[in-house]
Amino acid sequence: MTAEDPSAAPRRTRVVLGEVAARRRPADRARSDLAEQTPVGEALVKGLMRAQLALALRLALVVVIALGALPLLFAVAPGVAGVKVFGVYLPWLLLGVLSFPFLISVGWAYVRWAERNEQDFIALIRRPEQ
Amino acid sequence: MNPYLVPGLIVVILVTVGIGVYGLRFARTTSDFLVASRSVSPAWNAAAISGEYLSAASFLGVAGLILRYGVDVLWYPVGFAAGYLALLLFVAAPLRRSGAFTLPDFCQVRLGSPTLRRLASIFVVFIGCLYLVPQLQGAGLTFTTVAGGSYAWGALLVGVVVTANVALGGMRAITFVQAFQYWLKLTALAVPVIFLALQWQSDGRPLVTPEAGATFPVATSVVIEQDATVGGVPVEKGQQLSFDAGDPVPAVSTVDARFGVDWLLPGGDGSLFATYSLILATFLGTMGLPHVLVRFYTNPDGASARRTTLVVLGLVGAFYLLPTLYGVLGRIYTPQLLMTGRTDAVVLLLPEAALGGGHLGRLLGALVTAGALAAFLSTSSGLLTSVAGVVFTDVLRAGRSGSIRDFRLATVLAASVPVLLSLYVSNMDVSRVVGLAFAVAASSFCPLLVLGIWWRRLTDVGAIAGVLAGGGASMAAVLITVLGPPLDGWLADAIGQPAAWTVPLAFLVMIAGSLLTSRRVPRDIGATMLRLHAPESLRV
């Protein structure tokens, strides 16, 4: 329909079609933005990727600092390696036992947060106004 | 010989084949064979991935290395586990969402380059062989050590069982087989370790490293494996030395091990460079192992791929608590291994050495040997499936949809080379070669996957250049290490543990190459990235 008659047409379209469109169109537009790779869709995907990559890099940094520093620490300060906890030398305890629960807890945190990022993304696509 | 051994091994082989045949009833289509029709639950899949991953190097090699070198080599189990964290953080979900069957498929999906695909196939086959040969050798050596059988028969037996299983059942069956074998391996290490710890308690908790050096717990005779000097006295190969209980364990000049108290503390002969190189190779190499990656295609969606990886991290982490205990207790109960240099056998020999030759010791000895057999079987099955998958799709396929018969032919082809190689090359060091496989994977597939998933501007030319530079350099280092003369000084570190320079090299070349050829960025990159990263529920 084209807007050639200013007296009758606006009323009909505003009330009926406008409401349906307001309810349905934004979600559809975001979806088709995604599917058709419009600049908006690309920006949405880039945002998700950036969030996920930042999360992964941050957690990787935690591991690199916590585990990666150990060889250097033992080399620079040999006294630390000689400390005994419960009758076990610290390096054995850190590497042989504690490193595994540490890795698992980092992984658990990642899965939780990565899924939350995805939930946020889905919510953004489904209800872009909110 | 241990009377429980043969029945134990036969049970493992029968159950493996049995589950394989049971799985055959479900395997109907080619897709069933390759990726189990993508309908395996995370718990099954995680146990299968772990079962596949824990190879001879993990089951035997880690304990042997700890017995020999002490705390420094704890980085092996830590790195083997941490590799799954890197995989979880950077690869798991997007890789599953890419919808590719194999690693070369991923190259096709992401960059659409047949050349890169062929290159990736070459690396899959190379890494697969590099990993498969030591598994078969480990099998052969176990048969020699425990059963007194011949090396060739052990390697051949495992080779034939694995080939038949993969060719008949494909991956659907293998999923169940691998899951069973994870629990078998965990049990085979966990149950004996309880009895070993109780025995250590009742022996009055002997010190792991007494001030005066290690002593023999019982009267022992040691057969020297190579001409050497023992405590200043020259001995010949094959000479038998006898020691009484309580005698100190002498150092043997040809065996590279740490005999004294320094075994307890870090900072042995390994340099800091070698340690960091090892950390880099194991952390980043896991994601590039073809037989691990192929498993991720069997998850139903990206989120479950992530959860599966987390469960794998837990299962693998639980397993790696155990080899350390074997290595430490081996210091007390099997010090003669330090003199012969056959430290890889510590897991196999420890139960009988500590608990005596009674029924309990022999039963537990048979149990760990069965676990070792499971380790060879499961890792070789997984490797063979992925190598056969690549041979099937990239060599035999030739543009048509292949049949199950083609897949079986591919399996036999893929198995014959490593089996033959393992018969002729018997003196390669098992755990070292496995470590090198990690280095090659970390320098070729890791940059390709990480940049392919997270960086839009990667181009096919950049990817090819990076894989050739990093992967090629690490491949050359592997060939020099395995075939070449022994090296000295910094060159030995740089070639023997190449990851610290080949991984950054691969990343740099890949990034520089892509930036120089920025016009070749695929036109559908937006759609590809959407597919890799958006949750499946948004697919339109």
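Trainee: What makes you say that helix 4 of chain B bends, and where?

Mentor: This is a predicted model, and everything here is computed from it. Helix 4 of chain B bends by about 30° at B:V62. The bend is the angle between axes fitted to the seven residues ending at a residue and the seven starting there.

Trainee: How do you know what helix 4 of chain B reaches from its first C-alpha to its last?

Mentor: Helix 4 of chain B covers residues 56–69, which is 14 residues.

Trainee: Why is helix 4 of chain B called largely enclosed by the rest of the structure?

Mentor: A residue is buried if 20 or more other C-beta atoms lie within 10 Å of its own. In helix 4 of chain B, 14 of the 14 residues are buried, so the helix is largely enclosed by the rest of the structure.

Trainee: Which residue comes just after helix 4 of chain B, and what phi does it take?

Mentor: That is B:G70, with a positive phi of about 80°.

Trainee: Why is helix 10 of chain B called oblique to helix 20 of chain B?

Mentor: Helix 10 (residues 272–285) and helix 20 (residues 499–516) of chain B pack at an angle of about 50°, and their axes are 8 Å apart. Angles under 35 degrees count as roughly parallel, and 65 to 115 as roughly perpendicular. The angle of about 50° therefore makes helix 10 of chain B oblique to helix 20 of chain B.

Trainee: Which residues meet there, and what classes do they belong to?

Mentor: From helix 10 of chain B come B:F273, B:Y276, B:S277, B:L280, B:A281 and B:L284. They meet B:A499, B:A500 and B:V503 of helix 20 of chain B. By class, this contact has eight nonpolar, one polar and no charged residues.

Trainee: What is chain A made of?

Mentor: Chain A has four helices and two strands, in the order α-α-α-β-β-α from the N terminus on. Of its 130 residues, 24% count as buried.

Trainee: How many residues of chain A are in contact with chain B?

Mentor: In chain A, 43 residues are in contact with 39 residues of chain B. Two residues are in contact if their C-beta atoms lie within 7 Å.

Trainee: Which helix of chain A gives the most to that side, and what is its make-up by class?

Mentor: Helix 4 of chain A gives the most, with 20 residues. The side of chain A that touches chain B has 32 nonpolar, seven polar and four charged residues.

Key:
Residues are numbered from 1 along each chain as its sequence is written. Chains are lettered from A and ligands numbered from 1 in the order in which they are written. This is a predicted model: local features need pLDDT of at least 70, side-chain atom pairs count only at pLDDT 80 or more; totals for chains, interfaces and linings use all residues. The expected span of a helix is 1.5 Å times one less than its number of residues. A residue is buried if 20 or more other C-beta atoms lie within 10 Å of its own, exposed if 12 or fewer, and partly exposed in between; C-beta atoms are placed from the backbone. Ala, Val, Leu, Ile, Met, Phe, Trp, Tyr, Cys and Pro count as nonpolar, Asp, Glu, Lys and Arg as charged, and the others, Gly among them, as polar. Axes are lines fitted to C-alpha atoms, for helices over the stretch in contact, and angles run from 0 to 180 degrees between N-to-C directions. Angles under 35 degrees count as roughly parallel, over 145 as roughly antiparallel, 65 to 115 as roughly perpendicular and the rest as oblique.
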